[in-house]
Amino acid sequence: QVQLVESGGGRVQAGGSLRLSCAASGLTFSSYAMGWFRQAPGKERMFVAAISRNGGSTDYADSVKGRFTISRDNTKNTVYLQMNSLKPEDTAVYYCAGSTAGYLPITTGLYRYWGQGTQVTASS
């Protein structure tokens with residue numbers, strides 16, 4: 001049974017930082033590209049960042065480039081999202097997801113497994 005469990009969400013002041021973690025189990029973690037998505041109330045789930053199977057390649061949404069960093073540790077079956085300089089518009093539920101695609105998928109339909117999400121709130 002595959003499980004992706006996010007942690008590290010919370011409430012911070014605008015300009016602050018948070019580090020999200022996503023622990024995976026029940027799958028061969030190094031065989032999956034991993035991604036982070038977010039969904040604000042009343043809006044669609046949107047791509048945030050993706051990382052390749054070995055961590056050698058990454059991709060980011062334009063809105064988070066230079067502020068967020070995705071990384072992974074295949075020895076711990078965990079993917080991370082370091083979020084700096086948070087803005088109120090970053091407020092959303094953040095989801096991690098796993099894809100068997102051999103590149104960096106940025107659409108939700110290309111991800112097979114999803115976590116339950118963690119709330120991030122950046123207040124002004």
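Predicted model: local features only at pLDDT ≥ 70, side-chain atom pairs only at ≥ 80, totals over all residues.
Reader: Thanks. So which side chain does the side chain of Arg-38 make a polar contact with?

Author: That would be the side chain of Tyr-94, at 2.9 Å.

Reader: And where does Arg-38 lie? Is it buried or exposed?

Author: Arg-38 lies in strand β4. Its relative accessible area is 13%, and because buried means under 20%, Arg-38 counts as buried.

Reader: Which residues does Arg-38 touch?

Author: Leaving out residues up to four places away in sequence, Arg-38 touches a list that includes Glu-44, Glu-89, Asp-90, Val-48, Phe-68 and Tyr-94.

Reader: Let's switch to the core. How many residues does the largest nonpolar core have?

Author: The largest nonpolar core has 33 residues, and Trp-36, Val-79, Leu-81, Met-83 and Tyr-94 are those with the most contacts inside it. The elements giving two or more residues to this core are β3, β4, β5, β7, β8, β9 and β11.

Reader: Nice. Which element gives the most to this core?

Author: β5 does, with 5 residues.

Reader: What does Leu-81 touch?

Author: Among its contacts are Leu-18, Leu-20, Trp-36, Val-48, Ile-70 and Tyr-94, again not counting residues up to four places away in sequence.

Reader: New topic: what is the strand order in the open sheet of 4 strands?

Author: The order is β1-β3-β8-β7, with antiparallel pairing. β1 (3-7) and β7 are the edge strands, each pairing on one side only. From one strand to the next, the twist averages 15°.

Reader: How many bridges join β1 to β3?

Author: There are 5 bridges between β1 and β3, which run antiparallel. Val-5 stands opposite Ala-23 in β3.

Reader: Last one, Ser-99. Which strand does it lie in, and is it buried or exposed?

Author: Ser-99 lies in strand β9 and is buried, with a relative accessible area of 0%.

Reader: What does the side chain of Ser-99 reach?

Author: The side chain of Ser-99 reaches the backbone oxygen of Leu-110 at 2.8 Å. Ser-99 also touches Ser-31, Tyr-32 and Ala-33, among others.

Reader: How are the C-alpha atoms of Ser-99 and Phe-29 separated?

Author: They are separated by 10.0 Å, while Ser-99 and Phe-29 are 70 residues apart along the chain.

Definitions and conventions: Residues numbered from 1 in each chain as written. Heavy atoms only, no water. Core = buried A, V, L, I, M, F, W, Y, C linked by side-chain atoms within 4.5 Å. Buried < 20%, exposed > 50% of the residue type's maximum accessible area, 1.4 Å probe, protein only. Contact = heavy atoms within 4.5 Å. Polar contact = N/O pair within 3.5 Å; in protein donor to acceptor, adjacent residues only side chain to side chain. Pairing = 2+ DSSP bridges. Axes fitted to C-alpha atoms, helices over the stretch in contact; angles between N-to-C directions.
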